[in-house]
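Please look over the sequence and the three-dimensional structure shown here before reading on. The report that follows goes through domains, ligand surroundings, a sheet and model confidence.

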Amino acid sequence: MTFQHTILGAGLAGLSAGLNLARGGRSVSLLEKEPYVGGLAASFGKDGFTFDLGPHRFHTRNQKVQAQVEELLGANLHWRRRLSRIFMLGKRFNYPLSATNVVRSLPPHLLARAFFDYFAIRLRNRIHPIPDDCFQNWVLKRFGRTLYRLFFGTYTEKAWGIPCTQISADWASQRITLLNLMDAVKKTLFRPKHAPRTLVSRFLYPARGGIGALAESYASGILASGGNRILTGAAVRRIRWRGERVLAVDFAHQGTEQSEAIESLISTIPLTTAIDLLDPAPPEEVLHSRRSLRYKAIVFVMLALEREKVTDDHWIYLPEQHLRVHRVSEFKNFSEHSCPPGKTMLAAEITCNFGDSIWNMEQDELVALAVADLEKVGLIEPAQVRGAHIHRERYSYPLYDLTYREHVQRCLGWLKGLKNLHSTGRQGLFQYGNMDHSIAMGMVLAERLLRGAGADHSALLAEEEHVDG
Ligand SMILES: Cc1cc2nc3c(=O)[nH]c(=O)nc-3n(C[C@H](O)[C@H](O)[C@H](O)COP(=O)(O)OP(=O)(O)OC[C@H]3O[C@@H](n4cnc5c(N)ncnc54)[C@H](O)[C@@H]3O)c2cc1C
C-alpha cells in the first residue's frame, strides 16, 4: 500500500503534520522508532505515577494551534498557574527574574556590586561597543558581570558543558526577553498591560495522562480518519534517493526489514540522523556540516517519594556548580492525578553528552547522585525515596555553538534539492523550540502541501520571543 505522505517521527511535529494532512483528505503513514508516540513530549506510567521528560507546560500565542489543542484535549484540558524558581545562595529566586525579588533576596554587597557592574558595563559599551557575538557578551552587555555570573552564566555553562563564549547569542535572545537590568526594574514597578511571554503565568496541562495525552489525542485523530497508520517501534534505517527525489525508506519493525515507497516524505527526526540515513550519501561538504552539529543529551532521574509533596514549584533551576542536577520538577504540581495518594514524584535532570560518563552511569549511581544533590539543597531526605526510573534522551537540545547556523543552513540547503522531502520540527530544523512551535511547523507544512506549495518555516520561531526547556 502506498501512502500519499510518509512521516518520519511521531513527536508533536510529525503528529501535527499527520493530523492536518489527514483532515485535508490525504493518507498518511507515520514511522516512529520508539514504542510510544510523543517524542520529547511523551508521558510514561509506572506504579501509579504518570511522568513526563522533565517539566512540560503548554502555552502559545498561535490561535490556530491553541484552538486545535483545545479541541483535541476537550474535557481533559486544564489551566495551571505557573511557579518556577532558581535556587541559589540558599534562597529561591523567582523565575523569570523579578527585580523586587532580586533586590529583596540578594545580599546587600552583591546587590551593590550588581548595580555598579551594570552601570560600568553600560559606560564601557558606549566607548567600546560590545558585539553580540556570543552568549556571554549578549548577557554581559545587558546585565553586567555580577548578574551574568549569578543567574545566567553559571547555569548555562553547567547545562551546556561548554564555555559561554562558545555558545551562540541566539540562545540568549530566544530565552531572555528582558532587555536589561533597568528593563527588569521598570517591568516590576510598572506592570505592563500585556505581559510578555516569559511572564505568562498560566499554562495548559492535561488533567490526566501527563503531557503525553496531547500526543495521544493527535494520534487518535489521525487514526480516526481511516486509511492512515502509525507504526511505533519502526526505526528508519535508510532513505533511498535518486536525482531530485526520495524513492523509498527502509525500516525495521518487529524484527523484520521493511520498505515503504515514497510519494512525499516529511522528516521530523534529527537533521543529523536524516543526513546519516541518506543512500547514497550526500557530498562531503554536507557530511562535514552534519559532523559539526551536536545535540545535548539529558539523563532524567525520576524519584518516587513517600511524601505528600516537596514544593509548590513546577520546577526549580539549580545553577550552582557543585550540584550535577541542573533542574528539578514535581509532577504533582502539574496534575494532582499524576501520583498515588500520599506520594509524589520528582524529575531530576542531568545534562550530558551521548556516550560520556554520566550517559553510561549505572542506574544506582545516577539515583545516588540525584538524591545526594536534592538532599544538599534541602528538598528531600534519602529515606523518603521508594523507587526510581531512569530515562536517557540523546537528542534533548540542539547545541547552539558559534557555527551551528552555517552548518544547519548547508544541510537544509542540500536537502531542499530533494523535492519531495521536507525536514521540519525541533529536530528536523535543528531549532530550539517549544511544543507549540513543533505543532505549528507541522500545521504550516501540512497547509502548504495541501495547497501544493513547498515548505518554508524559517520565520516561525523568529516571530516568537521566548522558548522553554
Ligand atoms: C527537558 C525538556 C523540557 C521541555 N519543556 C517544554 C515546555 O515546558 N514547554 C514546551 O512547549 N516545550 C518544552 N520542551 C520542548 C518540546 O518537548 C519539544 O519542542 C517538542 O516536543 C518537539 O517535538 P518534535 O516532534 O519536533 O520532536 P521530537 O519530539 O524529538 O520528535 C522526533 C521523533 O522522531 C523519532 N525518531 C528519531 N529517529 C528516528 C528514526 N530513525 N526512525 C523513526 N523515528 C525516529 C523520535 O523517537 C521522536 O519521537 C521541552 C523539551 C525538553 C527536552
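## Domains, ligand shell and confidence

The C-alpha centres of domain 1 and domain 3 lie 28 Å apart, where the domain bounds come from an automatic or database domain assignment. The contact between them takes 11 residues from domain 1 and 15 residues from domain 3, two residues being in contact if their C-beta atoms, placed from the backbone, lie within 7 Å. On the side of domain 1 that touches domain 3, the residues divide into 5 nonpolar, 4 polar and 2 charged; here Ala, Val, Leu, Ile, Met, Phe, Trp, Tyr, Cys and Pro count as nonpolar, Asp, Glu, Lys and Arg as charged, and the others, Gly among them, as polar.

This is a predicted model, in which local features need pLDDT of at least 70 and side-chain atom pairs count only at pLDDT 80 or more, whereas totals for chains, interfaces and linings use all residues. Residues are numbered from 1 along each chain as its sequence is written.

The domain assignment gives these parts:

| Domain | Residues |
|---|---|
| domain 1 | 5-45 + 54-77 + 208-292 + 402-451 |
| domain 2 | 84-153 + 164-190 |
| domain 3 | 295-398 |

Around the ligand there are 38 residues, of which Gly 9, Gly 11, Gly 39, Gly 425 and Asn 434 come nearest; a residue is near a molecule if its C-beta atom, placed from the backbone, lies within 6 Å of it. Among the elements that give two or more residues to this shell are α1 (12-23), β10 (234-242) and β19 (385-398), helices (H or I, at least four residues) and strands (E, at least two) being DSSP runs numbered from the N terminus. By class, the shell has 16 nonpolar, 15 polar and 7 charged residues, and at least three residues come from each of domain 1 and domain 3.

Strand β10 also belongs to an open sheet of 4 strands, in the order β12-β11-β10-β14 with mixed pairing, where two strands pair if DSSP finds at least two bridges between them. Because β12 (256-261) and β14 (278-279) stand at the edges, each with a single partner strand, one side of each is left without a neighbour in the sheet. Within the sheet, 8 bridges join β10 to β11 (residues 245-253), and these two strands run antiparallel, with Ile 239 opposite Val 249 in β11.

The mean pLDDT, the predictor's confidence in each residue from 0 to 100, is 90, and 91% of residues reach 70 or more. However, pLDDT stays under 50 over residues 192-199 and over residues 462-466. Where pLDDT is low, the predicted coordinates should not be read in detail.
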